[in-house]
Amino acid sequence: MSISKEKLLARKEDIKKDFDNLVKQIDEHELKIKSMKNNLNALAGASQQCDLFLKELEDNNEMPREKEQALNIATS
């Protein structure tokens, strides 16, 4: 079996194209992963903010101790 220089050069060019395509795909996916991580961080921050708001609501809805004791006495 004989391989010509032209065949080797053509094969090398095909390999180079495949290599370049994979590099491009990796770059695109890395960019997408970075964007997804940014979105994940934003969602985590939004969740923390909701927790803060819920805590503030609970704190504001708590009855002062004296009123709670009076209510307990009145309803028992």
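Is Asp20 buried, partly exposed or exposed, and what is its relative accessible area? In this predicted model, in which local features need pLDDT of at least 70, side-chain atom pairs count only at pLDDT 80 or more, and totals for chains, interfaces and linings use all residues, Asp20 is partly exposed, with a relative accessible area of 35%. Residues are numbered from 1 along each chain as its sequence is written, and side-chain values use heavy atoms, with hydrogens and water left out. The class follows from cut-offs on relative accessible area (buried under 20%, exposed over 50%, partly exposed in between, with a 1.4 Å probe and protein chains only).

The protein contains two helices and zero strands, both elements being DSSP runs numbered from the N terminus (helices H or I, at least four residues; strands E, at least two). Helix α1 covers residues 5–61. The radius of gyration of the protein is 33 Å, whereas a compact globule of 76 residues would have a value near 11 Å; the radius is taken over C-alpha atoms, and the globule rule is 2.2 Å times the number of residues to the power 0.38. Along the principal axes, the C-alpha atoms fill a box of roughly 105 × 20 × 10 Å, and 0% of the 76 residues count as buried. Ile26, which lies in helix α1, is partly exposed because its relative accessibility is 47%, and the C-alpha atom of Ile26 is separated by 33 Å from that of Gln48, 22 residues apart along the chain.

A search of the whole structure finds two salt bridges, defined by a side-chain nitrogen of Lys or Arg within 4 Å of a carboxyl oxygen of Asp or Glu. In one of them, the side chains of Lys16 and Asp20 meet at 3.0 Å, N to O; these residues are about one helical turn apart, because they are four residues apart in helix α1. Lys16 counts as partly exposed, at 44% relative accessibility. The side chains of Asp59 and Lys55 also form a salt bridge (3.0 Å, N to O), and this pair too lies in helix α1, four residues apart. Asp59 is partly exposed at 38% relative accessibility, as is Lys55 at 47%.

On the surface, Met1, Ile3 and Leu8 form a nonpolar patch with about 430 Å² of accessible area together, where areas come from the Shrake-Rupley method with a 1.4 Å probe and, for residues, only the protein chains shown count as cover. Such patches are made of residues with over 30% relative accessible area and no salt bridge, nonpolar side chains (Val, Leu, Ile, Met, Phe, Trp, Tyr) being joined within 5 Å and like charges within 9 Å. Leu8 counts as exposed, since its relative accessibility is 52%.
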